[in-house]
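The sequence and the structure are shown first.

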Amino acid sequence: MDIFYLELVLEKPQNIFYVLKSSFSSSCIYKLLYITLQVFLSMERSVANEASKATIMAEDYKKDLEFIEEVTSNVDDVQRRVLAEIISQNVHVEYLQRHNLNGSTDRDTFKKVVPVITYEDIQLDIKRIAYGDKSPILCSQPISELLSSSGTSGGESKLIPSTEAALGRRLQLLKLLMSVMSQVAPDFGKGKGMYFMFISSEQKTPGGLLARFFTTSFYKSPYINCGYPCRKFTSPTATILSQDSYQSMYSQMLCGLCQNQEVLRVGSLFATGFIRGIRFLEKHWSLLCNDIRNGTINTQITDPSVREAVMEILKPDPKLADFIEAECSKDSWQGIITRLWPNTKYVDAILTGSMSQYIPILDYYSNSLPLISTLYGSSECHFGINLNPFCKPSEVSYTLIPTMCYFEFLPYHGNSGVTDSISMPKSLNEKEQQQLVDLADVEIGQEYELVVTTYSGLYRYRVGDVLRVAGYKNNAPRFNFLCRENVILSIGADFTNEVELQNAVKNAVGNLMPFDSQVTEYTSYVDITTIPSHYVLFWELSANDSTPVPPSVFEDCCLTIEESLNYFYREGRASNESIGPLEIRVVENETFDKLMDYCSSLGASMNQYKTPRCVKYAPLIEMLNSRVVSNYFSPTCPKWVPGYKKWNNTN
């Protein structure tokens, strides 16, 4: 952490108090004394400061890479040590006493007496924390804030306890990632990054704790200027911290355009955030060009701090305005990223799981620049990094860093019928709990649900992510992220997860290609108002008006989706008709932008927002239905042959 703390205090000496507050071990105090001495020496040697920092950073990168080699070579030993440390720190907390751990720190005892849980099992404990109970309920360290998960499917968020030390560990992972990127990224540390970053509203709990998304917490901390990929962003802090989504996006895009020659990398946390930015530019480029031409800011930008920050960058530049106008006026927006930001080396955004559907769109906009997904984390904890960030998006895997938390893995069988884990039961029976394996014991090619024990008070907690073992870094497994386990469609015995749905849609959209049409966004839900109930997919299309898609083609799309779904679904459709014909409802353009705005109004983070692949929250369904322009049903039952074993997927 030394280089993070050093840069932070060099940026503003008063930040040393924030660093001191973030210290989570006695050794940090000595490090701080050392860092403080470095700061004052650096102030006296200002001429040599940049060279000194570069040397320190290079040495720090080297140490980080050596650290990665070490911990990935001794995975099981590190994991035993981490679990013992977590238990030792929290041995007297109420939760562990409740389960009769009795001070034991060994792994076997821990697994025997502490159950595997979901959020619902600790919801009352978290409620007590939120209402001001400061006793050590889950964690011995003070809870500094409650982090919201991006609960966009059900309309509400989970609240995850966090501590100052937890932030330190997240920063450590970012620092490791910087060290990896320094070895492989073109011109790493040079130029600027145009990243679209947003905060969401935060609330105080009755007990006085802030409840907010991790990105909001991070962007509001001094660490934002010391984080990955480098310290230089085109977006001033004030534009990021604006809670008005329009003003934030407009001002960030304006600053990105003004500094277009300096931009070497572009991105957002998720692919959806960056694509939303490009679509915003498609809609508002004329206003942005006017501001650049005249050196003024549109009157819709009313936040004084945003206007002041932008005016420090914005100068009248008619030549640049003419250039942007000429590019944006062209019929095709293919390659618009490299056309407007010609020095861009790569696009940085999460493109795994459900985000993978955006790869073709980003390829189109970027002229097939490298698309990199670098970090794997959640509201519960940061887990791992992609040690080969410039691999193909389809080959992205994350190496879990064994010092972040204690990892366990529940074998995942999807729709095999062996383990009905896809329904996210609230508790596992004794046999199922015994199936959990440690990080060092997972098997290549197998799929698992992630279970974690964290320093901040989660014990054998089911995160809800499904991972597949892709290979190894030394002795540490590398994992493909597959999906969120609890994003499903289900009517009866059928269970359709996010991966199945995505593959089915991918198969179906091939029917639209002859008509120069594609699906730009989609979501789904189960319509229980019909008898029998049936699946509904909402599709937003990018279509060529000169070649309209015939209704029969949409009906073929419905059937293709059904043919691509699992055995249980097709059995329900074909044999006992317990499932009605699948329906596609085509919605108006910009419907999914409005869906995002609606979710944001409910408290979802724009920065962490992911289009829900299954909506269950009634107001969201009502909004989507209000924008339907046409609908189509599957014309016949999908193929199904009785006698197949129910764990076989025959598509």
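## The parallel sheet

Strand 7 (residues 346-350) and strand 8 run parallel and are joined by 2 bridges. Across this pairing, Val-347 stands opposite Leu-371 of strand 8. The model is a predicted one, and the two strands belong to an open sheet of 4 strands with parallel pairing, in the order 3-6-7-8. Strand 3 (192-196) and strand 8 (371-372) stand at the edges of that sheet; each has a single partner strand, so one side of each is left without a neighbour in the sheet. Helix 13 (residues 271-294) lies across strand 3, strand 6 (263-270) and strand 7. The angle between helix 13 and strand 6 is about 120°.

A second open sheet to consider has 4 strands in the order 19-20-21-22, and its pairing is mixed. Its edge strands are strand 19 (518-527) and strand 22 (628-633), each of which pairs on one side only. On average, neighbouring strands of this sheet are turned by 25° against each other, direction ignored. Strand 19 pairs with strand 20 (residues 534-542) in the antiparallel sense, over 9 bridges. Within strand 20, Phe-538 is the bridge partner of Thr-523.

How many residues of strand 12 are buried? Strand 12 (residues 406-411) is mostly covered, with 6 of its 6 residues buried. Tyr-406, Glu-408 and Leu-410 point one way from the strand, while Phe-407, Phe-409 and Pro-411 point the other way. Both sets are buried, and Glu-408 is among these buried residues.

Strand 12 pairs with strand 14 and with strand 13. With strand 14 (residues 447-453) the pairing is antiparallel, over 6 bridges, and Leu-410 stands opposite Glu-449 of strand 14. With strand 13 (residues 437-438) the strands also run antiparallel, joined by 2 bridges; here Val-437 of strand 13 is the bridge partner of Phe-409.

The pairings described so far are set out below.

| Strands | Sense | Bridges | Reference |
|---|---|---|---|
| 7 and 8 | parallel | 2 bridges | |
| 12 and 13 | antiparallel | 2 bridges | |
| 12 and 14 | antiparallel | 6 bridges | |
| 19 and 20 | antiparallel | 9 bridges | |

## Nonpolar cores

In soluble globular proteins, nonpolar side chains tend to be buried together. The largest nonpolar core in this model has 82 residues. Phe-383, Ile-385, Leu-400, Phe-407, Phe-409 and Leu-450 are those with the most contacts inside it. Helix 9 (residues 164-184) gives the most to this core, with 9 residues. Another core, of 48 residues, lies apart from the largest one; among its residues are Phe-198, Phe-270, Val-310 and Ile-361.

## The protein as a whole

The protein has 23 helices and 22 strands. Of its 651 residues, 55% count as buried. Among contacts between residues at least 6 apart in sequence, 72% join residues at least 24 apart. The protein exposes about 26900 Å², of which carbon and sulfur atoms supply 51%.

## Two loop residues with positive phi

Most residues other than glycine have a negative phi, and most peptide bonds are trans. Asn-102 is not a glycine, yet its phi is positive, about 55°. Asn-102 lies in the loop between helix 6 (94-98) and helix 7 (107-113). Is Asn-102 buried or exposed? Its relative accessibility is 71%, so Asn-102 counts as exposed.

Glu-590, also other than glycine, has a positive phi near 70°. Glu-590 is placed in the loop between strand 21 (583-587) and helix 22 (591-601). With a relative accessible area of 34%, Glu-590 is partly exposed.

## Confidence

The mean pLDDT of the protein is 83, and 84% of its residues reach 70 or more. Over residues 16-30 the pLDDT is below 50, and this stretch has 23 contacts in the model beyond near neighbours in sequence. Residues 415-425 also have a pLDDT below 50; beyond near neighbours in sequence, that stretch has 34 contacts in the model.

Terms used. Residues numbered from 1 in each chain as written. Predicted model: local features only at pLDDT ≥ 70, side-chain atom pairs only at ≥ 80, totals over all residues. Heavy atoms only, no water. Pairing = 2+ DSSP bridges. Axes fitted to C-alpha atoms, helices over the stretch in contact; angles between N-to-C directions. Buried < 20%, exposed > 50% of the residue type's maximum accessible area, 1.4 Å probe, protein only. Contact = heavy atoms within 4.5 Å. Core = buried A, V, L, I, M, F, W, Y, C linked by side-chain atoms within 4.5 Å. Areas by Shrake-Rupley, 256 points an atom, 1.4 Å probe, with all protein chains shown as cover. pLDDT = per-residue confidence, 0-100.
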